[in-house]
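Dear colleague,

Please find below the structure I am handing over to you, followed by a summary of what was found in it.

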Amino acid sequence: MKKKHYLTMIAAIMSTGLSMAQAQNPECMTNLSIYAEHAKVKNYDAAYEPWKMVYESCPDINKANFSYGEKILAHKIDNSSGADKDGYIQELLSLYDNSGKYFPKNYPTAVTEIDKALLLYDNKMASDDELFEMLDKAFKEDRSNFKNPKALYLYFSALVNLHDSGKKDLQDVFDTYDDVTEKVEEENKKLTDVVTKLLPKDSANTITSKEKRMLRVASTNSESYGKVGASIDSKLGALADCDNLIPLYEKSYEEKKGDVTWVKRAVGRMFSKECTDDPMFRKLFEAQLALDPSADAYMYGGVLKQKSGDNKGAIADFNKAVELETDSYKKSNILYKIATIVRRSSKSQARSYALKAVDANPANGKAYLLIANLYAGSANDCGTTAFEKRAIYWKAADMARKAGRVDPSLSGRANQTAASYNAKAPTKEMIFSSGMAGKTITFSCWVGGSIAVPNL
């Protein structure tokens, strides 16, 4: 039995890609098997010594030296203090460096730098300067693998702290904010693509167990990106208000007006912060139009025309923006932005653009949230009785919940919005006294459609 077990162990280790030279080191192979068995059952104290022997003598014998080594050292760190704890932290930092050295395909630059930064941050062993330097290196050298939501927030947060202490310019903050939020959006798009594909199967109960897991993981990770995105916006805070943006862009305009990326980001930020009444917005818009007469430029042109009272010209520009954009995801975002612009003049027109945004990208939860808000804002216009007017909040709540389903990054905000609307809808007592339980209410206002009154 012992011989059979030993041969099985040898075969398993060989299957992981050991070289012949490594296979000839029986002590490393034996200790690898010992620490792996301990680590599998989370007996990390027993795993430490045999792991350390293999790691120091045969670091490249197996990737397990690093995957299990991280868990073993993390356990040691959590269960030690003082000099011992500091020693284990240094061991883990060294392990992260070596993981990229011996297994670069498994441990790319961004992953190892993020691991080191988070380890130091969690143990309060690094300054904002050090954290920013490490994460800036990771982001700029290996952006594609920089996917950790916590690290994205920490990267930006450290920079804002450095700006607050006078060590970084405001323009650096804005540039990094754009880079980080673009990355959050990019990663969330991949996740919502999975959600969009699998939600119909889940609703129809035709989803496999594997797909169910994929949907759950994508939804959870999307929600994490939503939280970090909100935290990044909160950290930026008042730094991006009009009082800061306008003088910064006025100061930099002559130097930067030929830089299309800078111009597009500047006009986009002024638009998002509703600084469109200032002459600087028009100046930036005209610069973008000259450099890149793209869909966004026509959308901003529509904003200016609308402000001047030329609604017909504004709609023409909005439609031109939609026509120019060929990427469905970007088109959806443009349609959503147009919907937010026209909502003040026409709720029905805003809904029309929002629905077109959903057609272009079914995962555009912001469009559903906008429609929910439009419905809720029409409570006094839809219905003749107090009960009918309050019933519109059920319809608004349904739309808000849908926003969270199609884009889990919005789930926190969507659920909170839905709960707020449900609280304004008819109570159980109102349903009982009205005799409307289980009946349908039809809306004759611009909202249209109907809603089923809940049964008691």
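Confidence is given as pLDDT, the predictor's confidence in each residue, on a scale from 0 to 100. Helices (H or I, at least four residues) and strands (E, at least two) are DSSP runs, numbered from the N terminus. This is a predicted model, in which local features need pLDDT of at least 70 and side-chain atom pairs count only at pLDDT 80 or more, whereas totals for chains, interfaces and linings use all residues. Residues are numbered from 1 along each chain as its sequence is written, and side-chain values use heavy atoms, with hydrogens and water left out.

The protein chain has a mean pLDDT of 92, with 95% of its residues at 70 or more. Confidence is highest in helix α5 (residues 64–78), at a mean of 98, and lowest in helix α1 (residues 2–14), at 43. Over residues 1–23, pLDDT stays under 50. Where pLDDT is low, the predicted coordinates should not be read in detail.

Helix α12 (residues 242–256) bends by about 35 degrees at E250, the bend being the angle between axes fitted to the seven residues ending there and the seven starting there. Its buried residues (under 20% relative accessible area, 1.4 Å probe, protein chains only) include L245, I246 and Y249. The buried residues of α12 pack against α10 (170–203), α13 and α14 (279–291).

M270 lies in helix α13 (residues 260–272) and is buried, with a relative accessible area of 0%. Beyond four places in sequence, M270 has contacts (heavy atoms within 4.5 Å) that include L245, I246 and Y249.

Yours sincerely

Conventions. Buried means under 20% relative accessible area, exposed over 50%, partly exposed in between (1.4 Å probe, protein chains only).
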